[in-house]
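Here's a quick briefing on one protein model.

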Amino acid sequence: MPVQLGEGEPVIWCKLEFLNPSGSTKDRIARTIVTKALRRGALQRGDLVVEASSGSTSISLAQTCAQLGLRFLAFIPSSATNERALMIRAYGGEVRRVEGTMPEVIEQAAAFAEREGAFAACQFENPDNTAAHCNETAREILAQLPYHRVDAVVSGVGTGGVWWACTRD
């Protein structure tokens, strides 16, 4: 979507990630992590996907898993909003709240996945996270812009792999 702050000012193009199905840029990384795992044989229909998340990635993973015939379990900090837990459940996912900070949440999710033989999405260390932006977001942006050229990119930084993908050589 083009935005111009005034006559004669440059046009700024905005990618409206809130228009993604779950309303987040995390939809792209969730789909990439899960579909690549399916292609590699690390996941099969009906399997359980586990993730530690404060919310957005788990919401996107719950949606992706529902679409692809997988089960989903989110480990979220007890401080995460109830709305996030409700959204995960609305997509058919399960939620386990963990007392403590994200390192404790990650530890419990990893231990559960190991013990139960579930697929751990591991957004914080999974290279498919950033690959989603290198292989998909960048191509989408270039295809949607007039002249297929970008002078600069400004993006939010988070666990969506955006920062790393935009700063690579």
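Two strands pair if DSSP finds at least two bridges between them. Strands (E, at least two residues) and helices (H or I, at least four) are DSSP runs, numbered from the N terminus. This is a predicted model, so local features need pLDDT of at least 70 and side-chain atom pairs count only at 80 or more, while totals for chains, interfaces and linings use all residues. Residues are numbered from 1 along each chain as its sequence is written, and side-chain values use heavy atoms, with hydrogens and water left out.

**The sheet**
- Val50 has Ala120 in E6 as its bridge partner.
- E3 (residues 48–52) and E6 are joined by two bridges, in the parallel sense.
- Zooming out, four strands make an open, parallel sheet in the order E5-E4-E3-E6.
- At the edges sit E5 (94–98) and E6 (119–120), each pairing on one side only.

- Glu125 sits in the loop between E6 and H5.
- Its relative accessibility is 65%, so Glu125 counts as exposed (over 50%; buried is under 20%, partly exposed in between, with a 1.4 Å probe and protein chains only).
- From Glu125 to Ala152 is 27 residues along the chain, and their C-alpha atoms are 26 Å apart.

**Helix H5**
- Leu142 belongs to helix H5 (residues 127–144).
- Leu142 counts as partly exposed because its relative accessibility is 37%.
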